[in-house]
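Hi,

Here is the model I promised to pass on. Have a look, and my notes on what turned up follow below.

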Amino acid sequence: MKDCTRKVITCVFGFYVFFAISCKSDSVNSDMKHTSTEQMENNNVEYAMVIHGGAGTILKENMTEELEAAYRDALNKALDIGNEILKSGGSSEEAVINTIAFMEDSPLFNAGKGSVFTHAGTNEMDASIMRGSDLEAGAVGGIKTIKNPIKAAYAVMTQSNHVFLSGEGAEEFAEKQKLESIDPSYFHTEKRWNSLQSILEKEQEIGMNITDMADSKFGTVGAVALDKTGNIVAGTSTGGMTNKRYGRIGDSPVIGAGTYANNASCGVSCTGHGEYFIRYAVAHDVSARMIYGGKSLSDAAEEIINLKLKEVGGAGGLIALDKEGNVTMPFNTEGMYRGYVNNFKKYIGIYKED
Ligand code: ASP
């Protein structure tokens, strides 16, 4: 082959490769614009908190004005709780616990009071918390009688030698720590009971087991905070998935899956189809991509939620913040109840276009 022909071929091939790569990264970036709705650059952020109230098929056309207003109001109040604590120099632990406890007390979210029902008609809750300064963590799974599961998770972290307690043992421990225990009927809400009934009817019809995947609504709550000392804490609390059986526990109380915090990288709280989040170790993967791969917070989170999980059908989203106070909230579902606050700004979103 003549030298000039070879040069032309090399040139055309090089241009093709360049063009293909540009198109690929364009498609990833445009996807990112859709789903990772907020990411701030470091702007002397002194403190920050980011929250979620679950991701799923949350569409404006399916929402009444009153319900949307109720969600926005609850997210707003939740952010105010954390903001007051962090602004006045309180710790990220306090901010996360009080904010999550408030959301647990609201019937709007699938955590605490608003928890979904199991197949057996009970409410079984999971929660976890992790501290980024020393990688201490606490979690509870399958508890039925503790009013605020996030407080039980915190007690496990601070008052025991363990990380993860479950069932009656976890309840006994929480009671010994003087946490408020309550009759399980407190967790009964009509809306969640009706969701279980319609799934049970569907099961009868089709003759097989189903979990609440039909409308893919997940109402788990989570909060991640950075306080003025630079400590990051992440927490997550959930009732799990409607119609769950056999003591099923999802990702929310699993450290590294639903919750993770490390001051060297970030804090993360997830929501979505727990089985995927466990198998892909999602929360820890965000941190690992930052530490080992040198990724930014938003790129790390985006790659997992909108490439890796999306590819395999793992529906959900996450909230995360890094040590500079940058925040990201990607999701691969129609919507995610979410918001953040820092010493400059407050943001609340529900739909993709928010
Ligand atoms: N991740 C939770 C679970 O699988 C559900 C949710 O996020 O709503 O238990």
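A cavity here is a set of points on a 1 Å grid, over the protein atoms alone, where a 1.4 Å probe fits but cannot get out, and lining residues have an atom within 4 Å of a point. Before the details: this is a predicted model, with local features needing pLDDT of at least 70 and side-chain atom pairs counting only at pLDDT 80 or more, while totals for chains, interfaces and linings use all residues. Numbering runs from 1 along each chain as its sequence is written, and side-chain values use heavy atoms, without hydrogens or water.

The largest cavity has 12 lining residues, with Thr220, Thr238, Gly240, Met241 and Gly272 nearest its centre. Its volume is about 70 Å³, counted as the space filled by probe spheres set on the points. By class, the lining has 2 nonpolar, 7 polar (Gly among them) and 3 charged (Asp, Glu, Lys, Arg) residues.

Now the helices (DSSP runs of H or I, at least four residues). H3 (residues 92–105) and H4 (residues 149–159) cross at roughly 150°, their axes coming within 8 Å. That makes the pair roughly antiparallel (angles over 145 degrees). In H3, Glu93, Ile97, Ile100, Ala101 and Glu104 meet Pro149, Ile150, Lys151, Tyr154 and Met157 of H4, contact being heavy atoms within 4.5 Å. That contact has 7 nonpolar, no polar and 3 charged residues.

H8 (residues 282–291) packs on H9 (residues 297–312) at about 135°, with axes 8 Å apart. The contact of H8 with H9 has 8 nonpolar, no polar and 4 charged residues.

Cheers

Key
Axes are lines fitted to C-alpha atoms, for helices over the stretch in contact, and angles run from 0 to 180 degrees between N-to-C directions. Helices (H or I, at least four residues) and strands (E, at least two) are DSSP runs, numbered from the N terminus. Angles under 35 degrees count as roughly parallel, over 145 as roughly antiparallel, 65 to 115 as roughly perpendicular and the rest as oblique. On a 1 Å grid over the protein atoms alone, a cavity is a set of points where a 1.4 Å probe fits but cannot get out, and a pocket is an open set with protein on both sides within 12 Å along at least five of seven lines; lining residues have an atom within 4 Å of a point.
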